[in-house]
Amino acid sequence: MKECDFLIIGAGMAGLTAATQLHGAGHRVVCVDKARGSGGRLSSKRVDLADITTSVDLGCPGFSATIPLFQAQVREWQAAGCVSVWHREHAEAMGQDATELFVGSPRSSSLTRYLANQVEIDFSQRITRLEYQGGRWYSYSGRPGTDDEEVCFSVSDAVILATPPRQAADLLPQEHPLQEALQSVEMIPQWVVILAVKGVVAAPERIRDTLRAQDPKASEGLTECIYDVTVDHQKPGRVNVPGFQLWQIQAHPDWSAENIDLSPDLVCRTVIRELEARLGMSLEIVSQIAHRWLYSLPPDQKLSSSQNWIAGERLGICGDYIQTDHRSGKSGVAGVESAYLSAADLVQKIKLQKSANFSDPS
Ligand SMILES: Cc1cc2nc3c(=O)[nH]c(=O)nc-3n(C[C@H](O)[C@H](O)[C@H](O)COP(=O)(O)OP(=O)(O)OC[C@H]3O[C@@H](n4cnc5c(N)ncnc54)[C@H](O)[C@@H]3O)c2cc1C
């Protein structure tokens with residue numbers, strides 16, 4: 001059983017930001033994730049193509065940095081070699097405020113792996129529930145996909161839930177006051193389809209323009225079914241497999257919500273059919289994957305950060321669904337930047353908590 005000051009559940013951008021900052025402040029931190037590697041929605045998937053092993057980004061294709069605090073952090077990551085600038089045409093084409101996008105390099109998960117290497121972390125551990133007893137938190141885990149009995153995974157002074165809100169609510173003791181607030185945040189689901197296409201079909205800008213021109217009805221996307229297409233190896237640092245293109249197709253969130261229970265195979269077939277019809281050509285697909293993100297994007301109405309730290313119990317929450325005070329343009333910040341800022345805001349509150357009785361790191 002692990003013993004620590006902070007147990008952090010979730011090794012995505014929010015959890016790893018909290019973990020590295022608290023570790024840097026001298027606290028004993030253990031981070032845990034149910035997946036086999038770091039990243040959460042910033043993860044990548046290994047692909048074998050024509051005897052070459054490469055990878056493709058499975059979630060977020062690229063992120064923006066609009067707030068000085070996050071911009072400074074991104075510059076540090078660039079200097080460390082785990083983040084690169086992606087071409088700006090993409091950001092403009094998607095109507096984002098930012099003029100630049102950033103990506104983990106050489107793959108999306110390189111960024112979270114860089115952070116994960118700085119802290120103690122356990123993968124393939126799904127935390128199943130939490131108990132608060134005698135002023136300490138006990139976490140219990142079981143191995144995903146196995147019949148392992150539940151075991152006590154850790155005892156800690158504090159817990160930070162860095163998972164999507166519904167998953168965080170499920171871990172809390174019954175009738176915990178935070179549960180209702182967490183359950184009220186309806187994350188938006190999204191299908192993502194990865195296609196390995198034989199031959200060099202077209203530049204991504206042309207694919208986008210062709211699709212968009214044909215479906216003027218589609219709001220905020222390329223067609224009613226397809227939200228965006230990214231040719232993965234055009235991002236910096238990616239391995240180019242000669243004669244192939246790796247496409248990441250994000251299904252439209254509205255279409256995804258309506259078709260969330262389709263089989264992955266049917267999702268692939270529908271997306272391929274749509275692409276072929278719109279592009280007016282048949283595609284030679286050598287490999288295909290459909291991934292269902294049940295919690296892809298937060299809703300417009302996020303949870304206020306006033307609820308992100310319960311000092312008495314030493315219980316914190318962070319993630320992209322939490323609204324911090326930062327504003328970018330007319331709206332709040334989005335996605336990865338929002339996940340980072342929510343964790344930084346939480347750590348700031350923890351540091352300011354005078355009555356905190358954590359073991360003194362000095
Ligand atoms: C298809 C797609 C497109 C996107 N596009 C953009 C974009 O253009 N720009 C942008 O900024 N953002 C985008 N995003 C959103 C961005 O990826 C997220 O906002 C950000 O990565 C969220 O980080 P997080 O740490 O809050 O959560 P997550 O990355 O979801 O991390 C949560 C972690 O918790 C783990 N976990 C959950 N339950 C448990 C448990 N019981 N025990 C242990 N571990 C658990 C999960 O395995 C996961 O690793 C996109 C996301 C997707 C999926």
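Some ground rules before the details. Residues are numbered from 1 along each chain as its sequence is written, and side-chain values use heavy atoms, with hydrogens and water left out. Because the model is predicted, local features need pLDDT of at least 70 and side-chain atom pairs count only at pLDDT 80 or more, while totals for chains, interfaces and linings use all residues.

I will start with the ligand. How many residues surround the ligand? There are 35, and the closest are A14, D33, R41, I127 and D320. A residue is near a molecule if one of its heavy atoms lies within 4 Å of it. By class, the shell holds 16 nonpolar, 14 polar and five charged residues. In this scheme Ala, Val, Leu, Ile, Met, Phe, Trp, Tyr, Cys and Pro are nonpolar, Asp, Glu, Lys and Arg are charged, and the others, Gly among them, are polar.

Next, polar contacts. A polar contact is a pair of N or O atoms within 3.5 Å; within protein, one must be able to donate a hydrogen and the other to accept it, and residues adjacent in sequence count only if both atoms are side-chain atoms. The side chain of R41 has an N or O atom 2.8 Å from an oxygen atom of the ligand. D320 places a polar side-chain atom 2.7 Å from an oxygen atom of the ligand. G62 uses its backbone instead: an N or O atom there lies 3.2 Å from a nitrogen atom of the ligand. On its own the ligand has 1,000 Å² of accessible area, and the protein covers 93% of that. These areas come from the Shrake-Rupley method with a 1.4 Å probe; for residues, only the protein chains shown count as cover.

Where does the shell come from? At least two residues each are supplied by α1 (13-24), β8 (126-133), β11 (188-198), β14 (285-297) and α10 (335-352). Helices (H or I, at least four residues) and strands (E, at least two) are DSSP runs, numbered from the N terminus. Domain 1 (2-44 + 108-185 + 301-352) and domain 2 (188-297) each give at least three residues to the shell. The domain bounds come from an automatic or database domain assignment.

Now helix α10. The expected span of a helix is 1.5 Å times one less than its number of residues. For the 18 residues of α10 that should be 26 Å, and the end C-alpha atoms are 26 Å apart, so the two agree. Of those 18 residues, 13 are buried. Buried means under 20% relative accessible area, exposed means over 50%, and partly exposed is in between (1.4 Å probe, protein chains only).

N308 sits in the loop between β15 (303-304) and β16 (309-310). Buried or exposed? N308 counts as buried because its relative accessibility is 2%. Its side chain makes polar contacts with two side chains: that of D345 at 3.0 Å and that of K349 at 2.7 Å.

Q248 is in strand β13 (residues 244-251). At 0% relative accessibility, Q248 is buried. The side chain of Q248 reaches the backbone oxygen of G59 at 2.6 Å.

A few pairs are apart in sequence, with these C-alpha distances. G221, in the loop between α7 (204-214) and β12 (226-231), is 31 residues from H252 in sequence and 6.7 Å from H252 in space. Q288 lies in strand β14 and is partly exposed, at 34% relative accessibility. Q288 and V197 are 91 residues apart in sequence and 9.0 Å apart in space.

Last, backbone geometry. Most residues other than glycine have a negative phi, and most peptide bonds are trans. The peptide bond from S105 to P106 is cis, with omega near 10°. P106 is in the loop between β6 (101-104) and α4 (109-116). E175 is not a glycine, yet has a positive phi of about 60°. E175 lies in the loop between α5 (165-171) and α6 (177-183) and is exposed, with a relative accessible area of 74%. R314 also has a positive phi, near 55°. R314 is in the loop between β16 and β17 (315-317), and at 14% relative accessibility R314 counts as buried.
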